[in-house]
Amino acid sequence: MSWSEPEARTRIEKLVREVPDVDVRRFEKYLPLYEADKALMTARDQQISPPLFSLPRGKAVVVDTVQVYIAISNYDEYRLEEGRETEASHDRALRLLHLYYSAADRVIEKSPAQRVDFHNGRVHAVVLELEEGGISRDTLAQAMAFIEDFKQVAHAANQQLANGEFNAVFRIGVDVGTCVAINNGTGSEQEPMFLGRPANHAAKLAHGDEPGVYVSDAVRKILGQPELGVLEQFRGLTDVEIATNSARLSDGESLEFGVQNRQQFTDEVVGNWRKEIASGDFPDFTDPRFVFSYQEPPLSEIDYAELMPSKSIRMPLVSMYADLSGYTDYIDRAVATGGIGEAVRALYVMRQEFQNVVEEDFGGRKVRFIGDCIHALIAEGSENETSSRDTVASATHCAGGLHSSFALCQSILGGLDSLGLAVGLELGPTPISRIGIRGDRSVRVASSIATARSEKMQKDCEHNGVKLGENALAAAPVALADILTEGFAAELDYGDVAVCLAAPAPSLASPTYARAHVPSPTPEPRAHLKTE
């Protein structure tokens, strides 16, 4: 498999012709239309998605939001067993996510919040402002209530449904402001997104080891508290500040502020959950149910709809994150200058081409889009084992192809010179499944040390480039040393990689992974991967 400039150009030009003009409107003008559709669907006993969850491809809505990120700050403790990833540790980590994803969705179903995405140990939720004039204290209070309710339900579910096995610690980031809501998914694979600085800032506030609720200065201003500047990430709200600034709808119309007894709500949610487990409609968290098997490459043949805890994948592969650097500034300028439609059309084209490169050119599989970033998986091998050298070589070719396609997008679309593309790669054993609340609300997950490190490698690139993690670099063809400096290249396109790897060359270390073989998270000094 390989990348071809003529084929990529043809694809991109076709996407440009086919992507619809984007109808951009304020949320206040969108909401009455949504409410009318909701009333019609309800009269027909049909369900309707929450507002902005399943927008048509040609729609974009400008909306004031409270952005909430909930991260399990001690998640890595559950991914490792005596310092190594094993099938048992991956089973435990996925059961942890299964529990907390389900808790989040069950609380969301009964609150004004709505889910945006789950990603590794993070929950992304949003509360929409229904009125004009920016985020009100009432709307912020509803977001704080969601946070309080989630923590209570998550704790109770762990104690009552999982026998206290998981002691998750949460770090929560909150910001407010205007975002552009779009949707990239179809059918049961909806991918709602909120583009703009508030979503990015909330995610950054949720990043760190110290638990607590960390809010932006914009949030503090609404709460009447002094701004902190660079200290935002170091000083969280106290429990009293959170409780007294949270509120739940008390009679369907008015808000009840102040310290509240949330026990009745928690008992109801967890009680219904326990009934589903007893009836067999939901897995028992005390009984490991993740059954793993090897997936023969290419991974593009993975059908997520077929995955479930009892039918999951676990195998060595390369995890890839490719992020459009500078897009937040780009979308902010678009909001300020009235160029939202063109900015959204450009994003649709670029992300679809990135998925085409991953899946059509290199047989990989997209996990999901996370804002302007794509998370994907790549593997090369036989019906029962993965070749580490070939996998890293293919993933590096793919990273070069992404950069080459990105350059074509910049040339064809125009106006994208301020953007860069940062790509991170890492090799390691990774489980793949669908978890969370029942039915269509379940979500794709691929979560391992490799996925975490590949995301870090992408961030280390800053504005542009490609960076390989230590395991990927240890298994890489030695010829890549000609174009990588300590695993990094600031400028790298498909031609660079293709020329570099044109001649057969040995790898720095080229073990073959069998289905039961698992590399250590840290490579041995001899630059080969340890196996079980």
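How many disulfides does the structure hold? The structure holds zero disulfides, a disulfide being a pair of cysteine sulfur atoms within 2.5 Å.

This is a predicted model: local features need pLDDT of at least 70, side-chain atom pairs count only at pLDDT 80 or more, and totals for chains, interfaces and linings use all residues. Residues are numbered from 1 along each chain as its sequence is written, and side-chain values use heavy atoms, without hydrogens and water.

View 1. Buried means under 20% relative accessible area, exposed over 50%, and partly exposed in between (1.4 Å probe, protein chains only).

**View 2. Leu413 in helix H12.** Helix H12 covers residues 388–413. Helices (H or I, at least four residues) are DSSP runs, numbered from the N terminus. Leu413 is partly exposed, with a relative accessible area of 26%. Beyond its neighbours within four places in sequence, Leu413 is in contact with Val16, Ala346, Val349 and Met350. Contact means heavy atoms within 4.5 Å. Glu13 lies 400 residues from Leu413 along the chain, yet their C-alpha atoms are 9.1 Å apart.

**View 3. The largest nonpolar core.** This core has 65 residues. Met350 and Leu402 are among those with the most contacts inside it. Helix H11 (residues 340–361) gives the largest share, eleven residues. A nonpolar core is a set of buried Ala, Val, Leu, Ile, Met, Phe, Trp, Tyr and Cys residues joined through side-chain atoms within 4.5 Å.

**View 4. A second, separate core.** This one has 59 residues, including Phe146 and Phe150.

Note on methods: Helices (H or I, at least four residues) and strands (E, at least two) are DSSP runs, numbered from the N terminus.
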